[in-house]
Amino acid sequence: MGEVPRAATVADTSEFDSFVAARGPSLLRTAFLLTGDRQRAEDLVQTALGKTWPRWDSVAAGPREAYVRKVMLTTYIAWWRRRWNGEYPTAALPEQPTTDRDLDQRRDLLTALAALPKGQRAVVVLRYFEDLTEAQTAELLGCTVGTVKSQAARALATLRQCPALAVTEGELR
């Protein structure tokens with residue numbers, strides 16, 4: 001059996017809370033790009049932070065964000081390997097007003113990302129949205145740099161063929 005984590009102290013709580021307040025939006029963005037769904041992204045971040053909390057003191061101060069991201073990524077991978085979805089969509093949801101001028105582009109990008117296989121999507125998100133190196137991406141995914149390169153190449157080729165992301169001559173400036 002594994003060790004039972006020791007109880008957290010008040011000092012631990014404030015440090016963890018500060019980390020979540022500072023890095024939470026970045027973690028949520030990464031989770032959203034991985035899952036393509038706001039609620040699943042929130043669940044993913046919350047689950048990763050919940051798994052990280054008992055080990056917070058044992059993770060060195062420098063790589064804490066990398067540790068949380070690794071937990072988030074392995075949790076995401078476990079979710080799509082399991083292929084189970086505990087939530088079911090409802091018929092109609094209330095529309096949310098938006099002032100985002102790029103809403104169509106965002107929707108098209110999310111649709112294109114959702115069409116990619118999970119591994120390719122993870123590589124694209126980590127390499128191009130999180131701006132990680134090939135080596136950092138390979139380390140997080142637990143694969144080789146060559147696998148990251150090939151997955152990125154395949155994903156980009158697929159995205160180039162996506163009609164929703166096609167750029168017309170009038171859009172070029």
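Begin by selecting Asp 131, which lies in the loop between α5 and α6; helices here are DSSP runs of H or I with at least four residues, strands are runs of E with at least two, and both are numbered from the N terminus. The model is predicted, so local features need pLDDT of at least 70 and side-chain atom pairs count only at pLDDT 80 or more, whereas totals for chains, interfaces and linings use all residues. Residues are numbered from 1 along each chain as its sequence is written, and side-chain values use heavy atoms, with hydrogens and water left out.

Display the backbone of Asp 131: its phi is near 55°, a positive value in a residue other than glycine. Most residues other than glycine have a negative phi. Asp 131 is exposed, with a relative accessible area of 66% (exposed means over 50%, buried under 20%, and partly exposed in between, with a 1.4 Å probe and protein chains only).

Next, select Glu 130, in the loop between α5 (118-129) and α6 (134-141). Glu 130 counts as buried because its relative accessibility is 14%. The side chain of Glu 130 makes a polar contact with the side chain of Arg 69, at 3.3 Å. A polar contact is a pair of N or O atoms within 3.5 Å; within protein, one must be able to donate a hydrogen and the other to accept it, and residues adjacent in sequence count only if both atoms are side-chain atoms. Leaving aside residues up to four places away in sequence, Glu 130 touches Ser 26, Arg 29, Thr 30, Arg 69 and Val 125, where contact means heavy atoms within 4.5 Å.

α1 and α3 each supply at least two lining residues, and the largest share, three residues, comes from α3.

Now turn to the largest nonpolar core. Of its 32 residues, Leu 27, Leu 34, Leu 44, Val 45, Leu 49, Met 72 and Leu 73 touch the most other members. Such a core is a set of buried Ala, Val, Leu, Ile, Met, Phe, Trp, Tyr and Cys residues joined through side-chain atoms within 4.5 Å. The elements giving two or more residues to this core are α1 (10-35), α2 (38-52), α3 (64-82), α4, α5 and α7 (145-161). Centre the view on Leu 49, which touches Phe 16, Phe 19, Val 20, Leu 27 and Val 68, not counting residues up to four places away in sequence.

Move to Asp 108, in helix α4 (residues 103-115). Asp 108 is buried, at 18% relative accessible area. Its side chain makes a polar contact with that of Arg 107 (3.3 Å).

Of its 173 residues, 31% count as buried.
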